[in-house]
Amino acid sequence: MANNKMKKATPVQQEYQELAKQLEPKRPVFKNCLRAFLAGGTVCVIGQAIQEMFVHWAGFDEKKASNPTVAVLILISVILTSFGVYDKIAQWAGAGSAVPVTGFANSMASAAIEHRSEGVVLGVGGKMFKLAGPVIVFGTVAAFIIGILTFVFKGTGGGH
């Protein structure tokens, strides 16, 4: 797409775009990857600790502890978002804070907080699910495709 714009641009525009590209600061890729790894890993360690608490203190088995663990992570994310802390973490961590479920919860909570003045239905609900809708649709379609592929390649699983 960038090549199409370059072909349609005038010589002055092309010269400007080349100059802008040269002056663009280099991105610290290694540092960004390290921060994302550390932040995402920290979220996973916290999640594992929460799951272990459900297993050891509440008597859940590992499978049954999964859902409340995710719920607690989402709750923590929403609380941190409401106090403005999660955004500061996200600025430092980049994708490491956006990829886990906590990042999705942060995105939804941020949209809800930002548009609360527009009302509960059109503001909070409308803007919050404007973000969530594509994610839910993609997840549903991806799960359907994986289910079909699993059925085709593994069969029904009837004891084979």
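This is a predicted model: local features need pLDDT of at least 70, side-chain atom pairs count only at pLDDT 80 or more; totals for chains, interfaces and linings use all residues.
Reader: Which residue forms a salt bridge with E24?

Author: The general idea comes first. Side chains of opposite charge can pair when their charged atoms come close. Here the partner is R27. The closest N and O atoms of R27 and E24 are 3.9 Å apart. The cut-off is 4 Å, so the pair counts as a salt bridge. R27 is exposed, at 64% relative accessible area.

Reader: How many salt bridges does a search of the whole structure find?

Author: The search finds one.

Reader: Next, empty space. How do I read a pocket?

Author: Rolling a probe the size of a water molecule over the atoms shows where empty space is left. In this model, the largest pocket has a volume of about 220 Å³. Helix 3 (29-58), helix 4 (62-82), helix 5 (85-93) and helix 6 each give two or more residues to its lining.

Reader: Which residues lie nearest the centre of the largest pocket?

Author: They are V43, I46, L80, Y86 and I89. The lining has 15 residues in total.

Reader: Now helix 6. Is S97 buried or exposed?

Author: S97 sits in helix 6, which covers residues 95-98. Buried means under 20% relative accessible area, and S97 has 4%, so S97 is buried.

Reader: What does S97 touch, leaving out residues up to four places away in sequence?

Author: S97 touches A39, Y86, A90, T102 and G103. Y86 is also one of the residues nearest the centre of the largest pocket. T102 and G103 are among the buried residues of helix 7.

Reader: How do I check the length of helix 7?

Author: Helix 7 covers residues 101-114, which makes 14 residues. At 1.5 Å a residue, the helix should span 20 Å. Its end C-alpha atoms are 20 Å apart, so the two values agree.

Reader: Which residues of helix 7 are buried?

Author: The buried ones are T102, G103, A105, N106, M108, A109, A111 and A112.

Reader: How far apart are I79 and N106 in space?

Author: I79 and N106 are 27 residues apart in sequence. Their C-alpha atoms are 9.1 Å apart in space. I79 lies in helix 4. N106 is buried, while I79 is partly exposed, with a relative accessible area of 39%.

Key: Residues are numbered from 1 along each chain as its sequence is written. Side-chain values use heavy atoms; hydrogens and water are left out. A salt bridge is a side-chain nitrogen of Lys or Arg within 4 Å of a carboxyl oxygen of Asp or Glu. Buried means under 20% relative accessible area, exposed over 50%, partly exposed in between (1.4 Å probe, protein chains only). Helices (H or I, at least four residues) and strands (E, at least two) are DSSP runs, numbered from the N terminus. Contact means heavy atoms within 4.5 Å. On a 1 Å grid over the protein atoms alone, a cavity is a set of points where a 1.4 Å probe fits but cannot get out, and a pocket is an open set with protein on both sides within 12 Å along at least five of seven lines; lining residues have an atom within 4 Å of a point. Grid points are joined across faces, edges and corners, and a volume is the space filled by probe spheres set on the points. The expected span of a helix is 1.5 Å times one less than its number of residues.
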